[in-house]
Amino acid sequence: MKKSISLPVRMVLYALLILFAIVQVYPIIWVIISSLKDSQELLYSASYALPKRLYFGNYVHALKMSSIPKAFLNSTIVAVLTLGLEAVLACPFAFALSKLQFKAGPKLFSIVLMGMMIPTFVCLIPMFRMYNAMGLRNTYFSLVLPQLGFGLPMSVYMYKSFMEYVPNSLLEAADIDGATTWQSFTRIVVPMVKNATVTIITYKFIYVWNEFTYANTFMTERTMKTLPIMLKDFAGEYGMIEWGPTYAAITMAILPTLIIYFFLSKNIIEGMALGAVKM
Amino acid sequence: MRSKSKLAPWLFSAPALIVFCAVVVIPVVWTLVLSAYKWDGISPMKFIGLKNYAKLFTDYTFHKAVLNNLKFMAISTTYQFVVGMFLAMLLSSVTRGRNLLKVIFFVPCIISTVALSQIFIKLLALEPIGVFNVVLSALGIQPRAFLGDPATSLYTLAFADAYKYCGIYMVVFYSALVGVSEDVIEAATIDGCGWLRQFFYIKIPMIKGVCGMALVMLINGTLKSFEMPYVLTNGGPGTSSEMVATYMYKTAFSSMNYGYSSTLAVFLLLECLIGVSIVRKMLPKADIE
């Protein structure tokens, strides 16, 4: 089929594709290159030039000037809690919806799906007051809870569509052999939807790791800030003067996502694309 | 499978439903209530009925924000749709390196908005001259402060946002295009249908359900856009790139006007729901593949 495209046309296609590929990754490459230049070079050489020699001092400075390791830890804790709880909550709910016939099921599902259309800011003020009153501000739960709630519709949807492939006869057989509903769920369904769990957790990781709005609103204490907020503060404080360390801080903040993306790009792309068109 | 007890499905659903109610349902209702009050968060709440809604009609900044938001939506949606489709067309026409290219195109989608915005601020800067302006002056175009100039800030913001997310729609369109049956294309090729015409007369019409869905999500997403505008320009300079969401956020957390901010939030909610349902009505029914 593909042979119908002649060689010159194919050359043009590749040229365009490569051009776009460069455009898409250039900002990342640029910031990594710039983070390896010393202050003299940043000041006097052209901003697109390669560094004359590799200089790692910016990273040392950035680490000294800010609490990047602490922010890194905060981001990790929030991500682990959110993603773990998300699977724990969404999987049984999807199981009840797809395998246990109950009357209210379809109605509940459509209500939860509506959550996908609600902009998160609509809930920001009540959340702020609630967390304030309960003393949850500046705790990990002020970031975990909202992301959990607003993440549920998509996760439930994904789990449910995976569970359609679990044959009912399997569950009926287990039933006849005397398995309880809970046993069927944990021993049959959970292992069978492992792929869904992996996809949901990996693509959600990207969103949770990069989450900005809640973290910016609920985390005001310096020691509780996550990476994106730490980065915003860093750039606000030093961005105009200490260029090198700012570039180094940006690089350090995006490196974990790039590494995870490198290994799990298939799951991440699949999950994000699914999230973009299904509702 | 029929559960043995009536209680079982509820036990399985309860944890998720409780969290969903606490995080989504209760706050939405609370916001609706708040929008009828005047409240700064400290002094007692004062019921003022629909006065906050009446204020929407006279608030100049709000009008500006709505207008900006619509322009932003138009530019960002068009860019993401067209570039996403274009890349998907190119990608589905080549064989070697498909996956690698797909992974590369997707990179901006996984980078945090804060990090990407900080990079953009430097690349688009005039003083010291950023790479983008260097390229422009090499092409003989007058460099300018794209983010600092009220005339260009909104457009720059819209393009930055579209640039970040267009990879997602590229993947969506790509998967749909690849899924088009080879037989149809084979037949078209035999009939002498060229590469470009194959897309416009066969492939794209065949995936119009996916296109419609993508359009709905793009419009919904760009109407409630917050992160990129807040971090990249913060609505400035002046109100030149103010969005409804950034204005709402500032009204709540800078001016401490919770009541009016809730009204803006309700507006945003209605705008998203109405906007989406209009688009859905206009589109042909999505066909199930």
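Visitor: How many helices and strands are there in chain B?
Guide: Chain B has 13 helices and two strands, where helices (H or I, at least four residues) and strands (E, at least two) are DSSP runs numbered from the N terminus. This is a predicted model, in which local features need pLDDT of at least 70 and side-chain atom pairs count only at pLDDT 80 or more, while totals for chains, interfaces and linings use all residues. Residues are numbered from 1 along each chain as its sequence is written, and chains are lettered from A and ligands numbered from 1 in the order in which they are written.

Visitor: What does chain B span along its principal axes?
Guide: The C-alpha trace of chain B spans about 75 × 75 × 30 Å along those axes.

Visitor: And how many residues of chain B are in contact with chain A?
Guide: On the chain B side there are 84 residues in contact with 78 residues of chain A, two residues being in contact if their C-beta atoms, placed from the backbone, lie within 7 Å.

Visitor: Which helix gives the largest share of that side?
Guide: Helix α1 (residues 7-34) of chain B does, with 17 residues. The residues of the side of chain B that touches chain A divide into 63 nonpolar, 14 polar and seven charged, where Ala, Val, Leu, Ile, Met, Phe, Trp, Tyr, Cys and Pro count as nonpolar, Asp, Glu, Lys and Arg as charged, and the others, Gly among them, as polar.

Visitor: New topic: where is N234(B) found?
Guide: N234(B) is in the loop between α11 (227-232) and α12 (244-253) of chain B, and has a positive phi of about 50° although it is not a glycine. Most residues other than glycine have a negative phi.

Visitor: Is N234(B) partly exposed or buried?
Guide: N234(B) counts as partly exposed because it has 13 C-beta neighbours inside 10 Å; a residue is buried if 20 or more other C-beta atoms lie within 10 Å of its own, exposed if 12 or fewer, and partly exposed in between, with C-beta atoms placed from the backbone.

Visitor: What about M256(B), buried or exposed?
Guide: M256(B) is exposed, because 12 other C-beta atoms lie within 10 Å. M256(B) lies in the loop between α12 and α13 (258-282) of chain B, and its phi is near 55°, a positive value in a residue other than glycine.

Visitor: Last one: where is confidence lowest in chain A?
Guide: Confidence in chain A is lowest in α2(A), at a mean of 79, and highest in helix α4 (residues 68-98) of chain A, at 93, with pLDDT being the predictor's confidence in each residue, from 0 to 100.
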